Amino acid sequence: MSEEIKTIKVTIDNITIDVAPGTSILQAARMIGGDVTPPAMCYYSKLEGSGGKCRTCLVEVAAGSTADPRPMPKLVASCRTGVMDGMIVKNMTSEKVPEARAGVVEFLLLNHPLDCPICDQAGECHLQDLGYDHGKEGTRYQFARRTFKKEDIGPYIQLHMTRCILCYRCTYVADQITNKRAHGIIDRGDHAAISTYISKAIDNDFSGNMIDVCPVGALTDKTFRFKNRVWFTKPMDAHRDCQTPGCCGKATLWLRGDEVFRVTARKDEWGEVQSFDGKPGWICNTCRFETKQTSSWTIEGLTTISRHSVIGANKYQTLEMPKETVKKVMRGVEPKLLMDIHSVSGVNNPDIHLSEINGPAHSSDFKK
Amino acid sequence: MEKKLLLEKVHIEGIRHYDVYRREGGYRSVEKALKMQPNDIVEEVKKSGLRGRGGAGFPTGMKWSFLAKPDGVPRYLVCNADESEPGTFKDRYLMEFIPHILIEGMIVSSFALGSNTSYIYIRGEYDWVTDILENAIAEAKQNGWLGKNIQGSGYDLEMYVQRGAGAYICGEETALLESLEGKRGNPRIKPPFPAVKGLWGCPTVVNNVETLAAVVPIINEGGEAYAQIGVGKSTGTKLISACGNINKPGIYEIDMTITVEEFIYSDEYCGGIPNGKKLKACIPGGSSVPILPANLLLTTAKGEKRLMNYESLSDGGFATGSMMGSGGFIVLDEDQCIVRHTYSLARFYRHESCGQCSPCREGTGWMEKILLSIESGKGKMSDIDLLWDIQRKIEGNTICPLGDAAAWPVAASIRHFRDEFEWHVNNPEKCLTENFGLRHYADPVYVAGS
Amino acid sequence: MIQFKETSLKKVAEIIARYPEGKQKSALLPVLHMAQVEFGGWLDVPVMDYVATLLNIEPIEVYEVASFYSMYNLKPVGKYLFEVCQTGPCMLNGSDNIIDYIKQKLNIGVGQTTADGMFTLKTVECLGACGYAPMMQFGKTYREHLTKEKVDSIIEECRAKAN
């Protein structure tokens with residue numbers, strides 16, 4: 001008897017794809033990629049039970065399935081909703097989704113300190129990206145923001161609860177990757193916080209992975225804290241023969257010159273830890289915090305970074321200089337300013353070239 | 001008309017105890033049910049048209065028929081006695097004064113569903129009621145209605161009471177199950193539904209106290225007889241918890257054919273508004289359902305007299321209607337301030353949000369703060385629109401219905417009483433000392449010409 | 001050392017037996033209630049750690065739960081705890097006045113304990129006694145239809161009991 005692999009069809013933003021039964025809408029959207037994919041702040045495909053909480057991945061289901069084509073009455077969390085054969089989903093094409101998502105962004109930022117200028121996560125923060133992509137300018141919140149004290153959870157990790165969006169990912173890491181969970185969610189409602197409750201140190205070989213799954217700057221690497229901006233460092237893929245059971249030994253080194261400022265797990269295009277041979281590539285604390293010499297690693301090459309990311313800035317030196325000069329492109333016109341105000345304004349003396357003025361221009365410069 | 005099925009015998013002395021309860025005909029439904037096929041009991045409940053009495057009003061028989069029955073996996077019945085919806089106190093009354101009717105209903109229901117261990121999850125504050133229930137369970141067990149081989153039928157059932165510890169959210173069935181498993185009361189993300197994966201991952205039915213008690217008369221008299229009472233899809237009787245500004249607050253068992261007007265003003269029920277005051281507004285089904293001004297409460301937008309039942313109370317949708325909900329009937333007289341009252345409810349929902357999903361965690365607190373500033377004379381006109389926008393962004397976008405429950409009272413208050421909000425903004429110096437009063441909301445029947 | 005008395009330990013075993021094998025965590029809420037009664041009306045960290053040991057779970061699992069539910073006190077409270085409901089229906093019936101009266105009478109704010117350690121005042125959200133408002137939880141039961149006079153007599157009652 002031959003086993004037939006059944007697939008089902010789902011249409012997201014007018015793009016139809018065949019997927020295996022049991023696939024979530026978000027996973028199907030990630031297979032299509034691009035703008036079709038809803039953002040996800042709490043869902044993490046490598047952590048069982050994650051998702052459903054942040055509500056950023058809400059999508060509209062315009063038709064439930066071929067068998068029952070009725071639309072779903074409410075927007076659904078795409079990360080935790082399975083696709084049905086013939087389901088029609090609207091993400092970017094929905095009229096309701098952008099509004100609801102902007103609402104969620106506003107809620108997530110309501111009590112967020114927006115201290116990006118002093119936050120180590122800036123430049124690789126999913127909340128920043130979410131805010132830029134789906135949020136609205138300004139805030140309508142006029143009350144004092146909720147704050148918490150900083151807390152060291154063990155020698156390597158600092159918890160900055162004020163920035164936390166309560167995605168619960170780090171608690172799933174502790175439950176599923178480390179052998180013991182010492183931190184969790186304390187209190188409830190708008191007072192709920194990640195904490196060890198009595199300032200217990202989190203002491204486990206894999207605790208550092210909590211930093212990698214944190215979508216914001218709530219959990220940061222104390223060995224990297226305030227050392228550098230991520231976009232000044234250069235990410236290089238590297239590996240070593242790590243003896244810690246469960247550690248994949250494959251990492252990204254964040255270098256400046258020859259100095260390793262930081263070691264992280266390797267991330268995929270969704271910001272999640274990459275899988276190797278079907279297994280998530282978690283790394284141990286020895287690799288992450290204590291192996292900061294390039295000599296301990298075999299460097300594979302520059303990490304692929306999205307061109308849209310600030311981290312990619314100045315990293316790609318292989319670009320070729322264009323062979324044509326600007327003069328040639330502009331049909332013989334020498335470039336001076338991008339816009340020549342002399343040609344549109346009679347106020348200034350057209351005989352005076354701005355480029356010839358030394359220092360900031362003053363009105364007297366034009367009265368010659 | 002008053003029709004009593006659940007509370008008929010509640011005033012008989014000693015009915016709290018087994019001997020009296022049994023003498024008065026208690027546990028007959030168990031005797032009858034044990035001779036029936038479990039599926040026939042489910043059919044009987046379907047025929048009765050019984051709808052869940054916890055608030056959602058979902059047909060009970062249908063809920064039961066969704067229960068998955070995989071081989072070798074235990075199934076559970078859990079009674080939701082986490083009564084916490086502001087305005088609702090009927091389950092406590094039932095459990096406190098006639099506990100055996102719940103136990104009797106649970107035995108029949110457990111047998112119908114194939115549960116051999118059933119739990120009553122009661123809110124932690126009902127500490128003394130827990131003792132009453134545990135005592136009643138012990139009495140039932142001594143008399144062979146619980147334990148092994150009940151009444152020689154071969155059916156085994158154990159029943160336990162578990163106390164919560166102060167969390168409204170545990171009235172949501174999946175949060176209740178989490179709590180029963182010894183965890184934080186965070187609602188689960190559905191699907192899977194409890195009927196497939198409930199308590200400890202096993203198929204589970206969660207029913208309200210009043211729902212399970214109603215199974216007793218349904219089995220005794222038959223589903224069809226039960227369905228004869230009431231009107232339309234509002235069959236049987238409903239316990240109404242009446243409170244607020246009325247002369248006779250308390251629990252009333254009604255058949256769902258009486259008018260709201262009769263319920264408020266008749267001496268048989270609430271007995272009117274105290275001190276000669278006029279009716280301003282009412283929340284007819286527990287704090288989560290939309291508040292209605294007097295005129296829309298007593299008559300629907302179509303001009304018909306509104307009845308105390310599921311269909312009539314929701315007539316007009318949210319624009320001009322409300323909901324039956326849990327039957328928590330909260331009456332506000334002319335001296336009450338809608339803004340202050342809405343603020344009080346917003347504070348409640350902020351306090352009770354589990355904090356798991358962002359719209360509810362952040363939005364409930366934001367609404368509370370804005371309402372407090374309007375109430376204390378610090379509000380701006382734009383705050384009213386902002387409130388409207390916030391509630392709209394919470395509603396429907398959360399994991400569980402607490403988001404909707406927090407959004408609806410704010411929405412309905414602004415929808416029907418916007419002028420009172422605006423008055424607060426325009427009269428910051430008056431709004432803590434003076435009252436906006438009635439304006440055009442006055443009950444047209446009872447205040448005409450006065 | 002923190003340890004339940006014999007009868008309580010028996011009760012804990014009895015509670016654990018209500019659940020299937022390996023699901024002893026389900027006993028957490030009832031056991032925390034017992035611990036709060038037995039160890040001074042609140043749950044100190046060593047008490048919670050003890051409960052974790054009893055149920056064979058991690059301490060953080062106990063902290064998470066104890067801090068979620070409003071009935072567990074994570075700070076010491078007075079000998080008598082007044083938990084006055086302030087939600088909608090109670091508010092309509094004057095709960096604000098009752099709270100103010102208790103504050104003034106005991107000279108404490110909400111969440112505070114009197115200097116002699118006798119009374120703690122807490123405001124709570126709906127306790128399901130809306131028809132008997134205003135009301136408060138007092139120990140195992142409720143005190144309903146509160147008036148200033150009733151509050152006075154409850155306070156007297158406590159003082160008499162304490163002597």
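Where in chain B does B:Pro192 lie? I found B:Pro192 in the loop between α8 and β4 (204-208) of chain B. I took helices (H or I, at least four residues) and strands (E, at least two) as DSSP runs, numbered from the N terminus.

**Ground rules**

I noted that this is a predicted model, in which local features need pLDDT of at least 70, side-chain atom pairs count only at pLDDT 80 or more, and totals for chains, interfaces and linings use all residues. Residues are numbered from 1 along each chain as its sequence is written, while chains are lettered from A and ligands numbered from 1 in the order in which they are written.

**Cis peptide bonds**

The peptide bond from B:Pro191 to B:Pro192 is cis, with omega near 0°. I then looked in chain C. C:Ala133 and C:Pro134 are joined by a cis peptide bond, with omega about -10°. C:Pro134 sits in the loop between β2 (119-124) and β3 (136-138) of chain C.

**Positive phi**

I looked up B:Tyr27 next. Its phi is near 70°, a positive value in a residue other than glycine. B:Tyr27 is in the loop between α1 (18-23) and α2 (28-34) of chain B. Is B:Tyr27 buried or exposed? I counted a residue as buried if 20 or more other C-beta atoms lie within 10 Å of its own, exposed if 12 or fewer, and partly exposed in between, with C-beta atoms placed from the backbone. B:Tyr27 has 22 other C-beta atoms within 10 Å, so it is buried.

A:Phe226 is not a glycine, yet it has a positive phi of about 60°. I located A:Phe226 in the loop between β10 (219-221) and β11 (234-239) of chain A. A:Phe226 counts as exposed because it has 9 C-beta neighbours inside 10 Å.

**Chain A overall**

I listed seven helices and 16 strands in chain A. Of the 368 residues in chain A, 40% are buried. I used contacts as follows: two residues touch if their C-beta atoms, placed from the backbone, lie within 7 Å. Among contacts in chain A between residues at least 6 apart in sequence, 62% join residues at least 24 apart.

I also read the domain bounds, which come from an automatic or database domain assignment. Chain A has domain 1 (8-95), domain 2 (104-221) and domain 3 (228-356). Where domain 1 and domain 3 of chain A meet, each gives four residues.

**Two helices in chain A**

I examined α2 (residues 97-110) and α3 (residues 126-134) of chain A. Their axes come within 10 Å and cross at roughly 140°. These axes are lines fitted to C-alpha atoms, for helices over the stretch in contact, and angles run from 0 to 180 degrees between N-to-C directions.

Which residues of α2(A) meet α3(A)? I noted A:Arg101, A:Ala102, A:Val105, A:Leu108 and A:Leu109. From α3(A), A:Leu127, A:Leu130, A:Gly131 and A:His134 take part.

**Chain B against chain C**

I turned to the contact between these chains. Chain B gives 45 residues and chain C gives 34. On the side of chain B, α15(B) has the largest share, six residues.
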